[in-house]
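Biologist: I would like to learn how to read contacts made by aromatic rings. Please take me through them one step at a time.

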Amino acid sequence: MAGRWWIGAAAVVLAVPGSAQAVDWTFTPRVTVSAEVTDNARLAPRGQEEADLIGTVAPGFTLRGEGARSDTRIDYRMNSRFYADDTRQDRTTHTLRGRTNWELVDDTFFVDAGASRTEQAASILGPVGIGGSTPRENLQETTTYSVSPMLRTRYGSFATQEIRYTYGENLYHRSNRQDSDFHRGEYVLDSGAAFNRPFWQLAGFYEKERFEDGLEGEFGQVSGTLGYRFGRSLRLFGVVGEEFNDYATTREDDDGGFWQVGAGWAPTRVTNIEARYGERYFGKNRSLAVDQRSRRATYRLSYNEGVSSTRQRRDGPFAQLAEDIQFMSVDELLDNYSPEEIFLFLLNPELGDEAFVEGFYLTRTWRAGWSYDTGRSVFGVNLIQTERESETQTNVGLFEDNRTQRGASAFWQWRYGPRTTTLLTTGISRTDFTDSDREDDLWFLRASVSRQLTPDTSASLAYRHQRRDSNAAANEYRENAIIGTLTREF
C-alpha cells in the first residue's frame, strides 16, 4: 500500500463530479517563514543538550470551491526545516488536508471524500515535542483518505432512511508501521415527525479493518431503539441489539447480545445532559455527556468506553481538529472549535501526536472543561484521563499498548487590540505504562503575541518551554525556545 500514497492526495479531486463548472473556485497561495532559537534541538537528555538555530520555509495554498450543493476545501503546505549546526536534522515534509461534500441528487444522494497527510510522532516512548519540535528520528508521515457515498430516502413523515458505504486507507512513509484499509457499511432508519413524542430507530453496521501484516478485525452490529419524550426537556430510551465481531483478542467472547438504557435532559436551551448504562461483551458499558453553553461561560463533562482501533478513535471528535490545527491560525481555530477541544487536543499526545498502531484496544476516557469569555479575554481549564488496555499483545510491545494518561491544562487568550492577540497556555500530563515501571510527566508552557500587520500579512513571536520528567533519567529532557513567524498571502 505504501507505494500508493498518491491516491490519498488525489482522492478529493477524483471525488469532484463533472459539474465542477457550477462551483466558484478560490485559490489562495501563501508562504510562512520562521526562525527558532532552541537550547535543545533534539530534545536530548540532560547533559547532552545542543543549541541550534532553525529556519523554516513553508509555501502552501488553499483551494476553496463553493456551490449551491457542494463544498470543497484543500489545504497544502510543504514544510522545510533547516538546522544551522546539526544539518542531519534537516527535513522536508508535506501536510495535506482536503475534504469535499457533494449533494448530487437533491436531498437523496451524497458523496463525501477526504484526504490528509500529516506528520506524527512514531512513539510516545521517544521524545515528543509540541509545535513541531519532535526530533526527526521519532517522526513519520501518514497519509489517510476515504470516499463515502450516502443514499437518503424519506418516507413522508413516517421515517427517514440512510444507507452509507465508506472505504479508506492509512498509509505510512519512512516507517515500519503497518498500512491498513477499511470498509464500512451503515444502515439507519429513524422515526419521523408523525410519531411526535415516541421515537424509534433501527440501525446496523459492518466494518472490516485489515492491516498489511495480515491482522484483521471485523465489527458488526444490529440494534433497535425505542424512546419517549416527556415534554421538551426529558427523554428516556432503551437500546437492544446483537454484535458480530471477529478480531484479535484474548477474551473468550468477542460478540453477543447487548442492551442499554439512557436518559436525556435539556432543562434550558443552553444545557444538555445525556447518560447511558448497559452491558456489552466486554462488561459494563457507560457514557455521560454534559454540555452547558451560556453567553460567556461553557462547561463540559464526558465519559465514554469501548473497544476500537487507533484509527477508529482518531475518526472520532478530534479527527478534523487534528488536520485543521496544522493550517489554521489561533483566531481561525477559536472560530471553529471550542477552547476546550483545542487544548485537550494539545495536551493529550494520544489524540494528536501518536501514529496509528495495529491492534485493538479497550479505552475509558474522562474529559472535563470550563471556559469563560469576557469579550476581550477567553480563559479556561481542562482535565482528561484515559486508560487504554490492549485486547492482545502487538509487535509494538505491551509496555506501550497498556497505559494510563492524566492531564490538566489552562489557557488565556487576550485581544490586546483589533489586530493584536496574546495567548498563554500551560499543561501537565502523566503517563503510566502499566506493564513496566516507567512513569513520564510532561509539562509545557507557551506564550505568544500575534499581530495582523496588513490584510495579507501576519506575524507572531512566541516563547516555548517544555520538559519531561521520568523515573528513568535517559527519558528526561528540557527545552526552551523563541520562535518568530511571518506569514504572507498572495
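Modeller: A search of the whole structure finds 15 aromatic pairs. Rings of Phe, Tyr and Trp (its six-membered ring) pair if their centres lie within 6.5 Å; planes under 30 degrees apart count as stacked, over 60 as edge-to-face and the rest as tilted. This is a predicted model, where local features need pLDDT of at least 70 and side-chain atom pairs count only at pLDDT 80 or more, while totals for chains, interfaces and linings use all residues. Residues are numbered from 1 along each chain as its sequence is written, and side-chain values use heavy atoms, with hydrogens and water left out.

Biologist: Why is the pair of Phe-61 and Tyr-76 tilted?

Modeller: The planes of Phe-61 and Tyr-76 stand at 35°, with ring centres 5.8 Å apart, so this pair is tilted. Because Phe-61 lies in strand E2 (residues 52-67) and Tyr-76 in strand E3 (residues 70-83), the pair ties together parts that are 15 residues apart in sequence. Strands (E, at least two residues) are DSSP runs, numbered from the N terminus.

Biologist: Which residues are linked into a cluster by ring pairs?

Modeller: Phe-27, Phe-61 and Tyr-76 are.

Biologist: Is Phe-61 exposed, partly exposed or buried?

Modeller: Buried means under 20% relative accessible area, exposed over 50%, partly exposed in between (1.4 Å probe, protein chains only). Phe-61, at 25%, is partly exposed, and Tyr-76, at 24%, is partly exposed.

Biologist: What charged end sits over the ring of Tyr-361?

Modeller: A charge sits over a ring if NZ of Lys or CZ of Arg is within 6 Å of the ring centre and within 35 degrees of the ring normal. That of Arg-388 sits over Tyr-361, 4.1 Å from the ring centre.

Methods
Helices (H or I, at least four residues) and strands (E, at least two) are DSSP runs, numbered from the N terminus.
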